[in-house]
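Hi! Here are my notes on the model you asked me to look over. Have it open beside you while you read.

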Amino acid sequence: NPEISWTLPDTSHVSQEELTSQVGDVLLYYCYCEVRDPEKLCAWQKALCQHLHLTGKVRVASEGINGTVGGSKVATSLYIKVMLSQPLFKNILCQEDFKSSAGGAHCFPDLRVGVFKEIVPMGIDPKIVSYKETGIHLSPQEFHREVEQYLSQATQGQSDTILLDCRNFYESKIGHFQGCLAPDIRKFSYFPSYVDENLELFKDKRVLMYCTGGIRCERGSAYLRSKAVCREVYQLKGGIHKYLEEFPDGFYRGKLFVFDDRYAICSNEDIISACRYCGVLWDQYKLCSSQHCRQLVLTCPSCCNKGLTACCPVCQEKELKVTSRASGQILKEECECTRRRPRVPIEPVSPRMLDTGK
């Protein structure tokens, strides 16, 4: 297990303006590897990001590292270079593992670097379900061909494949692959329960999994494989991010949700979601305006102008009551529209699906 290097890049040849420019990128990456000293890696990562004026979120664990950071083009370029030279990631992390999109440090409110049990929160001990037991990785080209074949067979009612979206419902709502199964779950930590409650659905099936950047599929596919019900489990290498780089007008339609202040990035002109209140096509998220809630809401400009800015009528009513005496306390998922949604949905399984699976 390689020793962690404390190397920080030389920035003496770079001006302060170049390091802190608002015109930059947001990087998304992960690396599964054995980390003997997560605290040390965390401290180095924090020092590195501060040195380069990067903001964002980085999760470190004994199973690896997962990050999304924003900064100037010079800063993000130096960050990648140093990460690739880190002995701990040598021969594991490579240039193409970094997904990049237009943005910068302003896309995040601050920098958060911490040590966790998992680098993506699935809620299952990595010693029980390991990333080493993942599904078969498919390149964007291979995944594209598989989806094309799946859609062709599904049209004829002959498909033995499930195209599975591993993300949360608010992500798939604004963008997804055509013909996918998108679970109505709020968090990835609900995914194992979703699989457990819907095992019959996956019996004898070929499963094509995808997520934003690929990391959720690593553990998600390992969990699905551990149930020994699927015929085969595949996953999109590099996630939707990498797929859209090669197929911006492919089988993924709508926007790609991202976990920063942009909320979404665009690759095609399709709008597949609607305003929460009037139903007009709309896909730009805002935070619920009620101070007790942190849900995201799709509300078009016309409805916003009418004061309809909360995630649901119940929150809208609460907002009016607490505005004058707000304490600043933030509670997550404390809203009627969340409580009414089943935590883990049960998918219907038709006899035809069971026959096709066999």
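The points below go from the overall layout to a few single residues.

1. Ground rules. This is a predicted model, so to speak of a local feature we need pLDDT of at least 70, side-chain atom pairs count only at pLDDT 80 or more, and totals for chains, interfaces and linings use all residues. Residues are numbered from 1 along each chain as its sequence is written, and side-chain values use heavy atoms, with hydrogens and water left out.

2. Domains. The chain is split into domain 1 (16-115), domain 2 (136-258) and domain 3 (274-321); such bounds come from an automatic or database domain assignment. Between the C-alpha centres of domain 1 and domain 3 there are 34 Å.

3. An unreviewed UniProt entry lists residues 157-252 as "domain: Rhodanese". UniProt positions are given in the numbering used here, feature names are shortened, and annotations may be inferred rather than shown by experiment. In the model, this span is 36% helix and 20% strand, and its end C-alpha atoms are 21 Å apart. Helices (H or I, at least four residues) and strands (E, at least two) are DSSP runs, numbered from the N terminus.

4. Strand β9. Start with β9 (residues 206-210), where 5 of 5 residues are buried. Buried means under 20% relative accessible area, exposed means over 50%, and partly exposed is in between (1.4 Å probe, protein chains only). In a regular strand the side chains alternate between the two faces of the sheet. Which residues of β9 sit on each side? Arg206, Leu208 and Tyr210 are on one side, Val207 and Met209 are on the other, and both faces are covered.

5. The neighbours of β9. Two strands pair if DSSP finds at least two bridges between them. Strand β7 (residues 161-165) runs parallel to β9, with 5 bridges joining them, and Ile162 has Val207 as its bridge partner. β9 is also joined to strand β10 (residues 232-236) by 4 bridges, again in parallel. Here Leu208 partners Tyr234, and Met209 partners Gln235.

6. Strand β10. This strand is mostly covered, with 4 of its 5 residues buried. Strand β6 (residues 136-138) runs parallel to β10 and is joined to it by 3 bridges. His137 is opposite Gln235 in β10.

7. Asp160. Look in the loop between α4 (140-155) and β7 to find Asp160. Is Asp160 buried or exposed? Its relative accessible area is 17%, so Asp160 is buried. Asp160 and Val207 are 47 residues apart in sequence, while their C-alpha atoms are 8.8 Å apart in space.

8. The second largest pocket. A quick reminder on method: rolling a probe the size of a water molecule over the atoms shows where empty space is left. On a 1 Å grid over the protein atoms alone, a pocket is an open set of points where a 1.4 Å probe fits, with protein on both sides within 12 Å along at least five of seven lines; lining residues have an atom within 4 Å of a point. The second largest pocket holds about 460 Å³ of space. Its lining has 21 residues, and the closest to its centre are Tyr30, Glu96, Asp97, Lys237 and Gly238. The elements giving two or more residues to this lining are β1 (24-32) and α9 (239-246). Where does this pocket lie? Domain 1 and domain 2 both give residues to its lining, so it lies between them.

9. Positive phi. Most residues other than glycine have a negative phi, and most peptide bonds are trans. Asn91, in the loop between α3 (73-85) and β4 (99-103), has a positive phi near 65 degrees. Its relative accessible area of 76% makes Asn91 exposed. Ala228, in the loop between α8 (215-226) and β10, has a positive phi near 55 degrees. Ala228 is exposed too, with a relative accessible area of 67%.

10. Glu18. Finally, go to helix α1 (residues 16-20), where Glu18 is found. At 38% relative accessibility, Glu18 is partly exposed. Glu18 and Lys73 are 55 residues apart along the chain, and their C-alpha atoms are separated by 8.0 Å.

Notes: Grid points are joined across faces, edges and corners, and a volume is the space filled by probe spheres set on the points.
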